[in-house]
Amino acid sequence: MQLTTQRLILRPLEANDKHAILSYRSDAETNRYQGWIPKTLDDVEIFLGKLATEFNVPDTWFQLAVVDKSSKELIGDIGIHFIDEQQVELGYTIAKQHQGLGFATEAALAVIDYLFTELKKHRITASIDPENIASVALLEKLGFRKEAHFVESLFLNDKWVDDVIYALLAREWRNRQLI
Ligand SMILES: CC(C)(COP(=O)(O)OP(=O)(O)OC[C@H]1O[C@@H](n2cnc3c(N)ncnc32)[C@H](O)[C@@H]1OP(=O)(O)O)[C@@H](O)C(=O)NCCC(=O)NCCS
């Protein structure tokens, strides 16, 4: 499984990525809206060990590395939760020093297009904290609709937080205005 965009290569995360993952995922401030913030290489190894090794298997998470084509640097990851045969949930992280440059948009567009066009998925969702304004901006730019707002429904990093669900249907994707 590999996707290529203008500036990026998206390929499965590998054991060798663990140092880079620890470096951008352990930043607790940047990742304050995330459920998983590793503190040690062991934490990353356990995380990598739990990931699906096969793409598109219901009830598993598959994690793609977001790699800068020119520098070959791992600059983030995109998590794909295959909820069932037809529905998928996305999660995404871009390293702090590479944020604000359109990389999440570029990577997510390629993944969404692949999921709808090649794998014929019906619906893609995302679950985010409404205070995560970068994530809200990203999803709305990609054409996701806000479907639900659960109040203090998740206990994350020692506090109760809201959870907002965004979704995008295959037919909405086909009819979208090109970004
Ligand atoms: C959310 C995240 C992946 C966005 O990555 P990114 O590569 O910076 O996003 P992009 O550069 O593609 O920007 C996408 C849109 O979000 C906007 N945006 C990005 N960062 C923003 C910020 N801090 N504040 C407001 N808007 C922001 C951009 O302006 C852009 O919209 P525009 O083109 O209309 O201007 C990144 O901020 C991140 O990794 N955050 C930490 C991890 C996280 O919270 N992940 C989501 C968990 S659900």
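A residue is called buried if 20 or more other C-beta atoms lie within 10 Å of its own, exposed if 12 or fewer do, and partly exposed in between, with C-beta atoms placed from the backbone. The model is a predicted one, in which local features need pLDDT of at least 70 and side-chain atom pairs count only at pLDDT 80 or more, while totals for chains, interfaces and linings use all residues. Residues are numbered from 1 along each chain as its sequence is written. Helices (DSSP H or I, at least four residues) and strands (E, at least two) are numbered from the N terminus.

**Ala95 and its surroundings**

- Ala95, which lies in the loop between β5 and α3, counts as buried because 21 C-beta neighbours fall inside 10 Å.
- Leaving aside neighbours within four places in sequence, Ala95 is in contact (C-beta atoms, placed from the backbone, within 7 Å) with Tyr24, Ile75 and Gly76.
- Although Ala95 and Tyr24 are 71 residues apart in sequence, their C-alpha atoms are 5.1 Å apart in space.

- The buried residues of α1 are Ile21, Tyr24 and Arg25.
- Seen down the axis of α1, these buried residues fall within an arc of 90° (taken over the directions from the helix axis to the C-beta atoms), so they line one face of the helix.
- The buried residues of α1 pack against α2, β4 (74-82) and β5 (87-94).
- Helix α1 (residues 18-25) and helix α2 (residues 41-50) pack at an angle of about 110° with their axes 9 Å apart, where axes are lines fitted to C-alpha atoms over the stretch in contact and angles run from 0 to 180 degrees between N-to-C directions.
- α1 and α2 are therefore roughly perpendicular to each other, on a scale where angles under 35 degrees count as roughly parallel, over 145 as roughly antiparallel, 65 to 115 as roughly perpendicular and the rest as oblique.
- The contact is made by Lys18, Ile21 and Leu22 of α1 together with Leu41, Val44, Glu45 and Leu48 of α2.

**Helices α3 and α4**

- α3 and helix α4 (residues 133-142) pack at an angle of about 45°, with their axes 11 Å apart, and are therefore oblique to each other.
- Ala104, Thr105, Ala108, Leu109 and Ile112 of α3 make this contact with Leu138, Lys141 and Leu142 of α4.
- Leu109, found in helix α3 (residues 103-118), is partly exposed, with 16 other C-beta atoms within 10 Å.

Terms used. Two residues are in contact if their C-beta atoms, placed from the backbone, lie within 7 Å.
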